[in-house]
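Subject: Structure handover

Hello,

Here is the structure for you to take over. Please open it alongside this note; what I found follows below.

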Amino acid sequence: ADELTLQLKWVTQAQFAGYYAALEQGFYEDEGLDVTIKPGGPDIAPAQILAGGGADIIVDWMPSALATREKGLPLVNIGQIYDKSGMMLTCLKSSGISTPADFGGKTLGVWFFGNEYPFLSWMSKLGYETTGGSGVTVLKQGFNVDPIFQGQADCVSTMTYNEYGQVLDGGLTPEELQLFKYEDEGVATLEDGLYVMEEDLADSKMVENYAKFLKATIKGWEWAKENPVDAAMIILDYDDTGAQTEEHQIRMMTEVAKLLSSEGKGIGYLDPADYQRTVDVLLSSESAPVITKQPEGAYSHVVFEKAMSL
Amino acid sequence: MYAVENSTVAEESVSPQSPSSNKRVMIDVKDLSLVFQTNDGPVNALSDINLKIGEGDFVSFIGPSGCGKTTLLRVIADLEKQTAGSISVNGTTPEDARLNRLYGYVFQAAALLPWRTIKKNCAVPLEISGHSQAHQNKQIDKYLRMVGLQDFHEKYPWQLSGGMQQRASIARALCIEPDLLLMDEPFGALDEITRDHMNVELLKIWDETKKTVVFVTHSISEAVMLSTHIVVMSPRPGRITKVIESPLPRMKDLALRDTEAFHALAAEIRAALAEEHAID
Amino acid sequence: MYAVENSTVAEESVSPQSPSSNKRVMIDVKDLSLVFQTNDGPVNALSDINLKIGEGDFVSFIGPSGCGKTTLLRVIADLEKQTAGSISVNGTTPEDARLNRLYGYVFQAAALLPWRTIKKNCAVPLEISGHSQAHQNKQIDKYLRMVGLQDFHEKYPWQLSGGMQQRASIARALCIEPDLLLMDEPFGALDEITRDHMNVELLKIWDETKKTVVFVTHSISEAVMLSTHIVVMSPRPGRITKVIESPLPRMKDLALRDTEAFHALAAEIRAALAEEHAID
Amino acid sequence: MKESIFDKKWFAIVVFIIAITALWYAAALWMNGNQLVKTYERKNQEWTYSTIIAEAYQVKRPMLPPPHQVFAQWYKTVFDTKVTSKRSLVYHTMVTLQSTMLGFVLGTVLGVAIAIGIVHNRTMEMSFMPWVIASQTIPILAIAPIIVVVLGAINLTGVVPKAIISMYLSFFPVTIGMVKGLRSSDRMHLELMQTYNASNSQTFWMLRWYSAQPFLFASLKVAIAAALVGAIVAELPTGAQGGLGSRLLSGSYYGQTVQIWAALFMAALLGLSLVTVVSLFEKILLRRRGVSV
Amino acid sequence: MNQTPKLLIYAAVLFAQVALAFFTEPGFYERAPLLLFLLLASFFAAAGMMSACTALVDANHPFKKSLKIAVPSVFALVVVVSWQALTQGYDVPQVLLPAPSEIIVAFFSNLPTLWADFRQTFLKAVIAGYLMGCISGFIVAQWAVKSRFLQNGLLPLGNFVSAIPIVGIAPIMVMWFGFDWPSKAAVVVVMTFFPMFINTLAGLQSVDALHKDLMHTYAAKKSQTFTKSQLPQAMPFIFNALKLNSTLALIGAIVAEFFGTPIVGMGFRISTEVGRMNMEMVWATILVAALAGSMSYGALALLERAVLFWHPSVRSGR
Ligand SMILES: Nc1ncnc2c1ncn2[C@@H]1O[C@H](COP(=O)(O)OP(=O)(O)OP(=O)(O)O)[C@@H](O)[C@H]1O
Ligand SMILES: Nc1ncnc2c1ncn2[C@@H]1O[C@H](COP(=O)(O)OP(=O)(O)OP(=O)(O)O)[C@@H](O)[C@H]1O
Ligand SMILES: Cc1ncc(C[n+]2csc(CCO)c2C)c(N)n1
Ligand SMILES: [Mg+2]
Ligand SMILES: [Mg+2]
């Protein structure tokens, strides 16, 4: 069987249930692939792994992938798994925030490590400075949402499927919270997608393997969507830290299912319109430009089309 | 005035011609014993010591290695506590004597502080007793001159030879002009000539200032040369075998060394020492 | 055969009665000087040394502290290099002599390895020269017996007294049966009785084995007791002031110490030493 | 003179443990209580001191979990969980121990080798020594993630990258200690060897090696603790692959403060045992060389 | 014995290697693997050069001082040139390992950012934490040396705490002291306290028994004994701790910044720029850290030489 290595963007969790489901259910095997899934972590930049040859395919977010591409590492999107963004800013009502106009002078928790691009674009659009001065105070949020509990931040970044649940678990009620979904604010960017090195797409054998991989992956995601509880259990099996809990992963699976591409050609197809919207958001920010020019050849439908034809 | 009421030397050995027989007693040791508790069991460092030392005497302790000379001196200096018996120094306990800064102690090693110059080293006891700067300078000057180190007062100890260091440490002990001088093999590290010279100097100081000196030595000739009384000790357990009163004059000079009397006393001490060695 | 062609002692001082006048020369030092470069400037440790030591002689270096006794011994042992002049040991350079393991060196301190038993300590030089186990045992046994430590061979150095350690270090030097024995104040740390005893033992070994011994000491009586020749040195700069050939027999015993001849020689050495001191 | 109870080691330790526990409880009450009060006030709910005291020790996301909570979590994950399970702290401890030991051994070998080179070769000393010290001013812990990732990128994964970081941290104390130790031989002993015309290797095995041992062991104790720190830090970026480091990370990620503390406690326990094992070896060795300990 | 021709050849080889590494189109090793022999030759040349310099130093050459610096410099040069040659020669992606030349460029073109990070991490967190940690460790050691009880209790505790990896306490400190520099300072305090405590205690206890006895015979007060005998003797130990802590402190503060910080600081920069694939900026920050660490260590070493002029280790020159 042909070997393929997939590098995830984060630790083993239901965010990646589709890949694990495909692996566990034997979908990859059916396609004649021997797939290895490498979990990520807070300091793992998937693009770096890809560049070093430690992986063939990575899961990454589009802003960071495009920025990396502009750095001279030619990443190409071969398939988009989520077409909706799960990112939001979760604020305490008690801090006096009810609209983005109230952000001035407040402390906002943000993830960095390449996850900050959507936020920077948004703030730029709103006209807030992020590097001190008259804008907002930015706090590099650690791994968790503690700052909102300890009063260190007025808002924290959360994913609908993960941290938001933790905020609720921590004792805050939806009534106490003011949510700003990136989707709703018109600054949504594409999240989990599959990226490979551009040069590999010149190799038809590789393209075929990618297509097989994409096909099995789509199948895995569809299975996971249908069987959220079983998918969560698979995740628990693969989690080496033994820290994940069943209820948390089931909830994550349910939330993640809502982000999966549903319109158009379904999971795996990158809608050029969505792509263009992401690019526009990223280009729009003047003060902290994530990318400076319209990317060329940053995505390809070759693999998707091949997968559909298999 | 000396009294040894030991099992080995039972009789009172106060020699009638002793000029010190009605002198004040400076140190009075009675039935004193000291046992060190070590990992290998107890060590009888001193056992049943009885000894009186009169004011103004120059007393030497001599004996083989490990016989307790240092230990006895340390008991006098309140650096060690006896486990039995009693001791008084100048009529008080050794502790009070120490707190009253009655004595100066010269260790076998110079024990100078390497981060202080010779002069500043000599100043340590004076600083501690809170003497004025002027008085400090006067004293240090006087005694450094006496030990022949006036030209080295700005040097650090490690810039001096062992013998010079030892002389500095003697000057340091003398600076506070104590009534009692306790010296533990102070000249062990010196060559014979320098040692002779230091012996003469020490005798002069002692004679001029009428201090009481208790002196530990390995050298028979040094003991003869300096002492009014020689205390011969023997080890396991540490005890006094003999106290010899010197028939020689208080003040001696080097020429005395070739006299019959000198050799006779040396022979007597050697005999006392050898006796013990034979038993061993 | 001795020759001092020093500015101080210009004449050839080969005494006619010397039995060694036509003996082979073991050590030949010519116009040798040694200057140490220190932070405080150069130190003239040895200056213009001229000395011949015949095979089978027992030569003592005596002199005040810092006069260069140790340095001269170290030059002979190739532990220090002269800065001018020449020296030959057994007809070769000191380095070749060392590489041929010609001599045994006894330091002032015992310098035993604390992680080896006495026996294993004595084995060190034998192991290094690659002797067989059997030969090692034989030698060690013989010389430990000679220094009276046969019952202590399984002990570690720290279980022995200072004197015993020193004796062990002498046994260690003897084990390889070197032709030349270099000893730097080996008995400085011993009490007088033990020292006397060791002196007698050393004399016996020397007399039996006909070794050449170069011996550094501070003690006049030790020098008299042991040597066939006494080299008197003086410091700043270190030089030889006098070479005295002993009129006493090769083999001496302790009784000799009370003889006229003994005292006369001691007085001669003392005078030579004092002379230099007076100049100082 | 009889020793009073205040001079006994165990007494001091017991008193300290009790005092620290008491302080800990007090601090937990204060910190968690404050948080509770803030929550109540935010929700405009009534609160009394008694409810706060009751709840402060059972908060789900405590600022400072009280000792019994930490201990219970520790006990549960150590004794009540199968060691093969990924939820067992013993399992994660073993994962960390593996790379710690490998890194420690590599670091010791490297450290000793460099020290021997430095002591025997002047050029090596002059060229290498300054950089040995400078090497430790590189915040290796900060770039541990990069190293793990870069090595991972060239397919060096698993225990090796972690061990390399442990090695980098542990070789330094060993080198410094060994250089000092190998040079600590008594000058007289060295000269003695010279008079015997001993070769470099004879001098090394008869003399330098022994005089270096006390220094070596002092360094090994530091080195093994450093190796553990290295292993744990190296486990952070690869957060999902087991080990005490990933326990710390996932505990932090999921806001499970108690899990962090239990992992921390375990890490300290592991560090202490490793140091103790080294001391034990030291004792055995010293006894073999005849030192009474 | 003239060494000049040999040295000239060495210099030429090194020069050629430098030219190759810095001024040749990337990918040269892939195109011409034989060039690796030049690298090998440059190792030998450097080794030869260094031993020649060492020999001159040992022979008390008049330029001894500069030669003493030259030897490690040549070593560093070889490391940097090899790094440059290998990354360029094999055209290693910059996102994996940037070449030294790129790092230097990044360093000089981002000076304001690097300065701001340095101020945040070093001038605020490290200095504050270092001072507090060292001073408190020193003070507690004063109490402990007088009380067996404190020693018995604190030493095992110290061992236990030093076995805790600091990365573990960093998130807790951020939780307690906020995300700005005080939490980093707190981590530094915890890290530096015990080394200082243990060293000072050992130093105070190492006081020569003879000097203790001496002070006893003078009936010196505790404070007199302390200033005149204990403190000077403990100084070598205290300096050991100060030097060790100077490297620990910087590392601690940087790592602690991984767990939440304002968006400035060296740790923040490292972790963020990795995510942004700006590896040359990461290494420029590491360079700043290494420089800061080496310089503080060097300054402390100089101070030590001045204060401990009397100590055998300083007196003997090594
Ligand atoms: N602190 C101690 N603990 C245990 N034993 C000790 C201690 N101090 C001395 N001893 C033992 O007490 C005995 C007497 O020792 P002391 O030092 O008084 O002998 P000394 O006559 O001064 O010998 P030396 O001439 O070698 O200085 C010896 O056996 C010694 O080992
Ligand atoms: N390695 C050295 N560096 C600098 N000076 C030295 C060195 N060794 C000895 N000296 C100096 O050389 C002179 C002679 O020293 P040496 O040790 O030979 O004297 P010594 O006669 O053996 O004295 P002692 O009787 O005290 O042992 C002294 O002034 C000493 O300070
Ligand atoms: C240090 C750190 N960085 C990012 C995240 C947020 N995060 C967790 S999962 C995920 C989506 C990618 O899988 C993101 C952005 C975090 N919690 N901690
Ligand atoms: Mg003594
Ligand atoms: Mg000498």
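**Helix packing in chain A**

In this predicted model, helix α1 (residues 17-24) of chain A packs against helix α9 (residues 204-226) of chain A at an angle of about 105°, and their axes are 7 Å apart. Angles of 65 to 115 degrees count as roughly perpendicular, and α1(A) and α9(A) are therefore roughly perpendicular to each other. On the α1(A) side, the contact is made by A:A17, A:G18, A:Y19, A:A21 and A:A22. From α9(A) come A:A216, A:T217, A:G220, A:W221, A:W223 and A:A224. Sorted by class, this contact of α1(A) with α9(A) has eight nonpolar and three polar residues, and no charged ones.

**Chains**

Seven pairs of chains touch. Among these pairs, D and E have the most contacts. Chain A does not touch chain B; their nearest C-alpha atoms are 51 Å apart. Chain A has no contact with chain C either, and the closest C-alpha atoms of those two lie 49 Å apart.

**Ligand 1**

There are 13 residues around ligand 1. Nearest are B:S65, B:G66, B:K69, B:T70 and B:T71. Backbone atoms of chain B approach oxygen atoms of ligand 1 in several places:

- B:G66: a polar backbone atom is 2.8 Å from an oxygen atom of ligand 1.
- B:G68: a backbone N or O atom lies 3.0 Å from an oxygen atom of ligand 1.
- B:C67: a backbone N or O atom lies 3.2 Å from an oxygen atom of ligand 1.

Ligand 1 exposes 630 Å² when taken alone, and the protein buries 64% of that. Elements giving two or more residues to the shell are β1 (25-38), β2 (41-54) and α1 (69-76) of chain B. Of these, α1(B) gives the most, with three residues. By class, the shell around ligand 1 has seven polar, four nonpolar and two charged residues.

**Ligand 3**

Ligand 3 lies between chains A and D. Of the 13 residues around ligand 3, the nearest are A:W10, A:Q15, A:W61, A:W111 and A:N115. Which side chains put an N or O atom by a nitrogen or oxygen atom of ligand 3? A:Q15 is one: an N or O atom of its side chain is 2.6 Å from an oxygen atom of ligand 3. A:W111 has a side-chain N or O atom 3.4 Å from a nitrogen atom of ligand 3. For A:E163, a side-chain N or O atom is also 3.4 Å from a nitrogen atom of ligand 3. On its own, ligand 3 has 440 Å² of accessible area, and the protein covers 97% of it.

Best wishes

Technical notes. Residues numbered from 1 in each chain as written. Chains lettered and ligands numbered in written order. Predicted model: local features only at pLDDT ≥ 70, side-chain atom pairs only at ≥ 80, totals over all residues. Heavy atoms only, no water. Axes fitted to C-alpha atoms, helices over the stretch in contact; angles between N-to-C directions. Helix = DSSP H or I, 4+ residues; strand = E, 2+ residues; numbered from the N terminus. Parallel < 35°, antiparallel > 145°, perpendicular 65-115°, else oblique. Contact = heavy atoms within 4.5 Å. Nonpolar A, V, L, I, M, F, W, Y, C, P; charged D, E, K, R; others polar. Near = heavy atom within 4 Å. Polar contact = N/O pair within 3.5 Å; in protein donor to acceptor, adjacent residues only side chain to side chain. Areas by Shrake-Rupley, 256 points an atom, 1.4 Å probe, with all protein chains shown as cover.
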